[in-house]
Amino acid sequence: MPRLPEGGGPLYLAIADALAADIATGQLTNGTRLPPQRTLAHRLGIDFTTVSRAYAEARRRGLVEARVGMGTFVLRSERAAEAATPAPSGLVDLTMNFPPRSGDGPLSQSLWAAVADLEHSGGMDLLLRYQEVGGTRADREAGAVWLGDMVPELGAERLILAPGAQAGLLALLTLLKVDQRPVAVEALCYPGFRALADHKATPLVPVAMDSDGLIPEDFAAQCARHRPALLYCTPNLHNPTTATMPLARREAIAAIAREYDVIILEDDAYGKLAGNGLPPLAALAPERTYHIASLSKSLAPALRLAYVACPDARSAARLTGAIRATTSMASPLGAAIATRWIGSGLAAQTLAAIQTEAEARRAMALRHLGQDGMQSARHAYHIWLPLGHGWRRGDLASRLRQSGIGVVTSDAFAIGPAPEAIRIGLAAAPDRATLENSLREIADLVCQPPLLGNLIV
């Protein structure tokens with residue numbers, strides 16, 4: 001059952017967009033069989049032709065394939081990757097949110113040299129043996145060094161390695177879920193956590209946001225009304241809005257969580273990237289906060305590694321058991337690479353290079369979209385664009401797709417009614433020139449009324 005926006009553009013496009021969003025968030029995996037067209041039409045209370053057009057549009061985008069006599073299926077990953085190839089115009093899919101390439105010069109060579117050097121320091125053991133669940137002592141100590149400027153008095157005994165933030169969050173939901181009590185989340189929430197909550201049948205309670213992130217007064221109201229067991233939030237460079245909680249608000253959120261006995265899952269994927277010096281919630285409410293710091297946004301997505309700072313050694317031991325039960329262990333090779341990069345200073349150099357490139361791309365976005373209400377933040381490589389001029393998010397995304405540009409509509413994030421807005425990732429473009437072409441195309445479109453943008457001569 002797709003979540004469809006109220007009103008707006010053609011319904012068949014809204015269904016195709018919802019299908020794309022569910023594939024992007026992992027709610028529909030490769031090879032999943034979709035409902036028969038007549039069945040879906042009956043469920044939605046619409047005519048068969050509309051659903052047929054939606055499935056045809058999804059096939060045109062390369063999202064699904066129809067098998068005669070069998071049904072319609074989500075495409076396998078390699079087929080989907082081929083279908084997502086950018087248009088010949090040089091424009092690009094801006095739906096992804098990963099660090100920008102910072103060049104292939106001496107830094108890149110040093111990073112690879114550090115990887116190659118593992119061969120001479122027990123590298124075969126990394127490939128041929130199982131390692132400790134939760135990470136070796138050396139790997140956990142490296143993680144404590146990496147987070148030392150953010151989480152005070154963090155020792156290796158409180159730190160656990162997880163195979164990515166998603167795996168860490170899965171283990172935490174498995175470990176901490178209390179009966180059927182809900183989880184409080186930002187009204188615009190990371191799609192990966194939404195998918196996990198669906199998987200675990202965990203109800204979510206949205207907390208209102210403003211330009212500074214979670215609103216403490218509404219958090220307190222939702223705690224009094226729904227008694228959530230957990231709060232999941234992103235205090236730094238929030239995805240998708242780029243909001244960062246100021247200190248007073250962090251202190252208020254920590255105090256409310258303590259008053260209502262709420263455990264905090266602090267997803268700080270962007271904390272190192274932000275570099276703002278603000279204390280994390282783990283420093284303000286250390287006895288009830290699990291601080292999840294993925295390396296995907298600040299260093300290298302392919303490492304699939306996240307450091308989880310736990311309240312104490314006992315909770316770290318319990319989380320180790322949950323990771324063993326759910327995802328076994330983080331990659332020993334990935335952990336060894338991260339440890340080598342952190343110890344040699346290469347990780348800090350890479351972070352600085354990512355920040356520099358992110359700022360250059362953000363400045364480009366400000367030039368083209370700053371006058372259109374774009375929301376951004378220092379060192380963020382995604383932007384949030386509320387829509388004006390009468391544009392509906394689905395219509396704009398569809399028009400941009402016709403030009404070879406992919407963006408994410410607010411539906412992927414919204415817990416409840418979705419605002420008219422889109423998220424644009426600035427790092428997916430392979431170079432600045434390609435990004436500039438895409439941003440110019442977006443700016444030209446959003447500054448004119450939709451009917452003019454759809455004018456056919």
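1. A residue is called buried when its relative accessible area is under 20%, exposed when that area is over 50%, and partly exposed in between, with a 1.4 Å probe and protein chains only. By that definition S410, with a relative accessible area of 0%, is buried. This is a predicted model, in which local features need pLDDT of at least 70 and side-chain atom pairs count only at pLDDT 80 or more, while totals for chains, interfaces and linings use all residues. Residues are numbered from 1 along each chain as its sequence is written, and side-chain values use heavy atoms, with hydrogens and water left out.

2. S410 sits in the loop that joins β13 (408–409) to β14 (421–425); helices (H or I, at least four residues) and strands (E, at least two) are DSSP runs, numbered from the N terminus. Which residues is S410 in contact with, once neighbours within four places in sequence are left aside? They are L188, W384, R393, A418, P419 and A421, where contact means heavy atoms within 4.5 Å.

3. Helix α9 (residues 191–199) is largely enclosed by the rest of the structure, because seven of its nine residues are buried. Those buried residues are P191, G192, F193, R194, A195, L196 and A197, and their cover includes α8 (165–176) together with the strands β4 (183–186), β5 (204–207), β8 (230–233) and β9 (263–267). Just after α9, A201 takes a positive phi of about 55°.

4. The contact is made by Q166, L169, L170 and L173 of α8 and, from α9, by G192, F193, L196, A197 and H199.

5. In helix α7 (residues 137–146), the buried residues are D139, R140, A142, G143, A144 and W146. What covers them includes β3 (159–162), α12 (271–274), β11 (306–309), α15 and α16 (346–369). A336 belongs to helix α15 (residues 332–344) and is buried, with a relative accessible area of 12%. Not counting residues up to four places away in sequence, A336 touches L118, L126 and D139. A336 and T136 are 200 residues apart in sequence, yet their C-alpha atoms are 9.4 Å apart in space.

6. On the surface, M124, L127, L128 and L333 form a nonpolar patch with about 420 Å² of accessible area together. Patches are made of residues with over 30% relative accessible area and no salt bridge, like charges being joined within 9 Å and nonpolar side chains (Val, Leu, Ile, Met, Phe, Trp, Tyr) within 5 Å. A salt bridge is a side-chain nitrogen of Lys or Arg within 4 Å of a carboxyl oxygen of Asp or Glu, and accessible areas come from the Shrake-Rupley method with a 1.4 Å probe, only the protein chains shown counting as cover for residues. Helix α6 (residues 123–128) gives the largest share of the patch, three residues. L128 has its place in α6 and counts as exposed, at 64% relative accessibility.

7. S315 lies in helix α14 (residues 313–326) and counts as buried at 7% relative accessibility. Leaving aside neighbours within four places in sequence, S315 is in contact with Y290 and C310. The C-alpha atoms of S315 and L369, which are 54 residues apart along the chain, are separated by 46 Å.
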